[in-house]
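Reader: I would like to learn how to read salt bridges and a ligand site in a model. Could you walk me through it?

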Amino acid sequence: MGAGTDTVTSEKAPQRFPSPASNKVATCGIDYLIIGQGLAGTLIGYRLEAAGHRVHYLDAPEQTAASSVAAGIINPITGRRFVKSWRIDELLPEARRLYGELETLLGVKLWHDTPLVRTLFNRGDENDWLARSADAGYADYMEDHPALGRIPDVTVPAFAYACVRHSARVDVSLLVSAFRDRISEENRFIAGSVDYDRLPDGYDRIIFCEGWRSRFNPYFDFVPPGGNKGEVLFVTTAEAPLDRLFKHRVFLVPQSDQSYWIGATSENNFTDDLPTPAAREYLTDRLREVMTVPFTITDHRAAIRPTARDRRMVIGSHPERPRLYIFNGLGTKGASLAPLGSRWLLELLEHGQAPPHEVDVRRCLDLK
Ligand SMILES: Cc1cc2nc3c(=O)[nH]c(=O)nc-3n(C[C@H](O)[C@H](O)[C@H](O)COP(=O)(O)OP(=O)(O)OC[C@H]3O[C@@H](n4cnc5c(N)ncnc54)[C@H](O)[C@@H]3O)c2cc1C
């Protein structure tokens, strides 16, 4: 069982919407309970509400959600080999559209188009970058001689720089908190941790969006447990912050409140989700290597990323309990993956259309 304190066993069945209008799909008006209101729970909940369903949310707020610590970077070209992110051409327009809708609904700014400048450390990096940018489908995402803005004013000179185009930052934490305010005001948010032995009554369908804690969920115990701990620092400087994302050994991510998000560490073997002195020292050292102006650490946070062993989302219905669904495995790239993932789950819920096999939870029956 997860680390939550309160236990919810059952609660009053929510009021149903009036009977669905005849021109609506057969599933309209179904009552849903979403367990876990991080990024995954928020996006599928929003889509279901927009489709006319009544949705309640259960979450244990005292637990740290990955969504509250993430930088929300959308980075189409990743890793040392500069590889295009999986399905990025599809993910980007879906993400831009969905976060735009949520900005309108919630009245907050979520999507920030921000160029991502990255350091090329040596000739080898530079050659790899240039070779990759010649590959089909890459040129639009890669810029060889980017404008640096104020990067040289506050960081050490690099061998060379390159820029990833169509990158962005999504304020995932603000999205989750603003959405929670809304559902709380409408009495559709329940604070607490689910009792797996007595799932709440009164809902037609339950969707588990529990992040890494799904490893404690007995219904989906055939999904191999994942999880990767990440720690980050928040720092301020006396200078005006950069107007772009900068990746050196660590990411420098300017925040809306003028501070920087600095991160992150990556640890598969973890025993808790708490900040550690070792990670603080590691991140501070990496920052000192790159930043030439004094900085003050204002916060140090940790959370567990919900990774899947095969690095794909986990979406779908329980093979024997058709009332139970899962949306998980957003891993290190939830901001870009979750909009398309939530659409695939909606299509399953509304039309019975299975998600692509590579993200379907049923593939895990073969993995175990
Ligand atoms: C340090 C760090 C940096 C990151 N940076 C980025 C980034 O730059 N870009 C990016 O795209 N992604 C990033 N990520 C990944 C991103 O945070 C995740 O992919 C995404 O937020 C996962 O969302 P989720 O809703 O699946 O899980 P979570 O955000 O963890 O939400 C799960 C929720 O379920 C609740 N819950 C769990 N079990 C129960 C239960 N039994 N009963 C009730 N409630 C329960 C939890 O309290 C929690 O609120 C980062 C993650 C970390 C940790």
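This is a predicted model: local features need pLDDT of at least 70, side-chain atom pairs count only at pLDDT 80 or more; totals for chains, interfaces and linings use all residues.

Reader: Which residue forms a salt bridge with Glu-358?

Author: A salt bridge needs a Lys or Arg side-chain nitrogen within 4 Å of a carboxyl oxygen of Asp or Glu. Here the partner is Arg-87, with the closest N and O atoms 3.1 Å apart. Arg-87 sits in the loop between strand 6 and helix 2, and Glu-358 in the loop between helix 7 and helix 8, so the pair ties together parts 271 residues apart in sequence. Arg-87 is partly exposed too, at 28%.

Reader: What does Arg-343 pair with?

Author: Arg-343 forms a salt bridge with Glu-94, at 2.9 Å between the closest N and O atoms. This pair links helix 7 to helix 2, across 249 residues. Glu-94 is buried, with a relative accessible area of 5%, whereas Arg-343 is partly exposed at 28%.

Reader: Now the ligand: where does it lie relative to the domains?

Author: To place a ligand, look at who supplies its shell. Domain 1 and domain 3 both give residues to that shell, so the ligand lies between them. The shell divides into 20 nonpolar, twelve polar and five charged residues.

Reader: Which polar side-chain atom lies 3.0 Å from a ligand nitrogen?

Author: That atom belongs to Glu-210. A ligand nitrogen is also 3.1 Å from a polar backbone atom of Thr-332. Taken alone the ligand exposes 1000 Å², and the protein buries 98% of that.

Methods
Residues are numbered from 1 along each chain as its sequence is written. Side-chain values use heavy atoms; hydrogens and water are left out. A polar contact is a pair of N or O atoms within 3.5 Å; within protein, one must be able to donate a hydrogen and the other to accept it, and residues adjacent in sequence count only if both atoms are side-chain atoms. Accessible areas come from the Shrake-Rupley method with a 1.4 Å probe; for residues, only the protein chains shown count as cover. Ala, Val, Leu, Ile, Met, Phe, Trp, Tyr, Cys and Pro count as nonpolar, Asp, Glu, Lys and Arg as charged, and the others, Gly among them, as polar. Domain bounds come from an automatic or database domain assignment. Helices (H or I, at least four residues) and strands (E, at least two) are DSSP runs, numbered from the N terminus. Buried means under 20% relative accessible area, exposed over 50%, partly exposed in between (1.4 Å probe, protein chains only).
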